[in-house]
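Here is a friendly walk through one protein model, written for someone who likes to know how each value was computed. Take a look at the sequence and the structure, and then read on.

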Amino acid sequence: MKKRILSMLVDNTSGVLSRVAGLFSRRGYNIDSLTVGVTADPRYSRMTVVVCGDELILDQITKQVAKLVDVVDIKSLCPEESVSRELILVKVRADAGNRQAIIAVADIFRAKIVDVAVDSLIIELTGNQSKLDAFINLLEGYEILELARTGITGLSRGAEDVRYL
C-alpha cells in the first residue's frame with residue numbers, strides 16, 4: 001500500500017471539514033492523518049490529508065475530492081518535491097533518577113522540554129514521521145504517560161505551482 005499526502009486549498013466556511021471527511025467515510029476510505037488551518041488569506045484554509053491505498057484507489061480519492069465545491073485547489077505532495085512536518089508532545093514519567101537521561105535523549109533530537117513537573121516532563125518535537133518514530137522508540141525504556149501527534153502538514157517546494165487567488 002502506498003501513502004499519499006494531499007494538500008488542499010479549501011473555502012474557509014463552516015462544514016467544509018465535515019463534507020471532506022464525509023466523502024471519505026461514504027466511500028469506505030480511511031484518513032490516516034488530517035490537519036486543517038487558515039491560510040494567509042482568511043477566506044481559505046489549507047487541509048492536509050494523508051491516505052493509504054493502491055494507486056487506483058489513491059487516484060480515485062484525489063479525483064473525488066477535487067470534485068467537491070469547497071475544494072479550490074488540490075495537489076499531491078511528493079516527498080522529494082515538498083516539505084512535510086509533524087508535531088508531537090510526549091509526557092514521560094521522570095523522577096530524579098532518570099530525568100537527565102530523558103533530557104539527553106531529547107537533546108539528541110533537538111526536542112524542547114516544554115513542561116517540568118516533580119514526576120514528569122513534557123517534550124515537544126517537530127520533524128518528519130521517521131524522526132518522531134525514532135524518538136518514541138528511544139523513549140520505550142521510560143514510561144510514556146501521554147502522547148499527542150498533530151498529523152502531517154506540508155507544502156510543495158518552490159513557487160512554480162503556487163495558486164494565487
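## Surface, strands and charges

Leu17 has a relative accessible area of 42%, so this residue counts as partly exposed; the classes are buried for under 20% relative accessible area, exposed for over 50%, and partly exposed in between, with a 1.4 Å probe and protein chains only. Leu17 sits in helix α1. Before going further, please keep in mind that this is a predicted model, where local features need pLDDT of at least 70 and side-chain atom pairs count only at pLDDT 80 or more, while totals for chains, interfaces and linings use all residues. Residues are numbered from 1 along each chain as its sequence is written, and side-chain values use heavy atoms, with hydrogens and water left out.

**The overall layout.** The protein has 4 helices and 9 strands; helices (H or I, at least four residues) and strands (E, at least two) are DSSP runs, numbered from the N terminus. Reading from the N terminus, their order is β-α-β-β-α-β-β-α-β-β-α-β-β. Taken along the principal axes, the box filled by the C-alpha atoms is roughly 55 × 35 × 30 Å. Of the 165 residues in the protein, 36% are buried.

Leu17 belongs to a nonpolar patch on the surface with Leu34 and Val36, and together they have about 220 Å² of accessible area. Such areas come from the Shrake-Rupley method with a 1.4 Å probe, and for residues only the protein chains shown count as cover. Patches are made of residues with over 30% relative accessible area and no salt bridge, joining like charges within 9 Å and nonpolar side chains (Val, Leu, Ile, Met, Phe, Trp, Tyr) within 5 Å.

A patch of positive charge is also found on the surface, made of Arg26, Arg27, Lys63 and Lys67. Here Lys and Arg count as positive and Asp and Glu as negative, with His and the chain ends not counted. The place of a charge is taken as NZ of Lys, CZ of Arg, CG of Asp or CD of Glu. Arg26 lies in helix α1, which spans residues 16–26. Arg26 counts as exposed because its relative accessibility is 60%.

**A hairpin.** Which strands form a hairpin with 5 residues between them? They are β2 and β3. Strand β2 (residues 31–38) pairs with strand β3 (residues 44–53) in the antiparallel sense, over 7 bridges; two strands pair if DSSP finds at least two bridges between them. Within this pairing, Thr35 has Thr48 in β3 as its bridge partner. Ile31 is in strand β2, and its relative accessibility of 23% makes it partly exposed. The C-alpha atoms of Ile31 and Val49 are 6.9 Å apart, although 18 residues separate them along the chain. As background, side chains in a regular strand alternate between the two faces of the sheet.

**Salt bridges.** How many salt bridges does the structure hold? There are 9, each being a side-chain nitrogen of Lys or Arg within 4 Å of a carboxyl oxygen of Asp or Glu. Three of them are listed here.

| Glu55 | Lys2 | 2.9 Å |

Salt bridges with shared partners join Lys2, Arg4, Glu55 and Asp59 into one network. In the salt bridge of Glu55 with Lys2, distant parts of the chain are linked: Glu55 is in helix α2 (residues 55–66) and Lys2 in strand β1 (residues 2–11), 53 residues apart. Glu55 is partly exposed at 33% relative accessibility, and Lys2 is partly exposed at 48%. Asp59 is partly exposed with a relative accessible area of 32%, whereas Arg4 is buried at 12%.

**The loop between α3 and β6.** Arg110 is in the loop between α3 (99–108) and β6 (112–116). Its phi is near 60°, a positive value in a residue other than glycine. Is Arg110 buried or exposed? Arg110 is exposed, because its relative accessibility is 73%. Phe109 is found in that loop between α3 and β6 too, but Phe109 is buried, with a relative accessible area of 12%.
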